[in-house]
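Here is a short note on one model. Please read the points with the structure open.

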Amino acid sequence: MDYLYDEGDRDIIFFGFIIGVVSFDREDVPYEKSEADRFNHALRLANFLISDGDFNPGKSIRQENGNFRKTLYEGGFEEFRQDLEILFDGGGIDNIDLVAGPWLVKNNIGKSASSVPDRISQLFG
């Protein structure tokens, strides 16, 4: 969890990164999870980070000139979740819009991770 908080101090955290966190251990050995489990576990982890108040969900939107505009989800986690489910249903775990569009931004740079409940620890394994 500390790794996510450190990464959040440097930049936004794309949803694809969160999928990777719940898909592979520290030695880059894959956990034996289906695509659906990897997606659902990443959603649960994102929900924890958002509900704890440490992160806000957002997305990058391609503009007509080819640049990207970053915007927060006004509907919070629920809108974020709905968007992610549509993207997952439309292209699976490797959908580029799923892994590189939605992201989390850390609210308080420098803040450390709080204690991690067992229901979240269980996602890593």
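1. Just after α3, G53 takes a positive phi of about 85 degrees. This is a predicted model: local features need pLDDT of at least 70, side-chain atom pairs count only at pLDDT 80 or more, and totals for chains, interfaces and linings use all residues. Residues are numbered from 1 along each chain as its sequence is written, and side-chain values use heavy atoms, without hydrogens or water.

2. Helix α3 covers residues 35-51. At 1.5 Å a residue, its 17 residues should span 24 Å, and the end C-alpha atoms are 24 Å apart, so the two agree. Helices are DSSP runs (H or I, at least four residues), and strands are too (E, at least two).

3. The largest pocket holds about 400 Å³ of space. A pocket is an open set of points on a 1 Å grid over the protein atoms alone, where a 1.4 Å probe fits, with protein on both sides within 12 Å along at least five of seven lines; lining residues have an atom within 4 Å of a point. Of its 13 lining residues, M1, Y3, V21, R26 and F124 lie nearest the centre of the largest pocket. α2 gives the most to this lining, three residues.

4. The second largest pocket has a volume of about 220 Å³. It is lined by 14 residues, with S60, F68, D97, A100 and G101 closest to its centre. The largest share of that lining, four residues, comes from β2.

Key:
The expected span of a helix is 1.5 Å times one less than its number of residues. Grid points are joined across faces, edges and corners, and a volume is the space filled by probe spheres set on the points.
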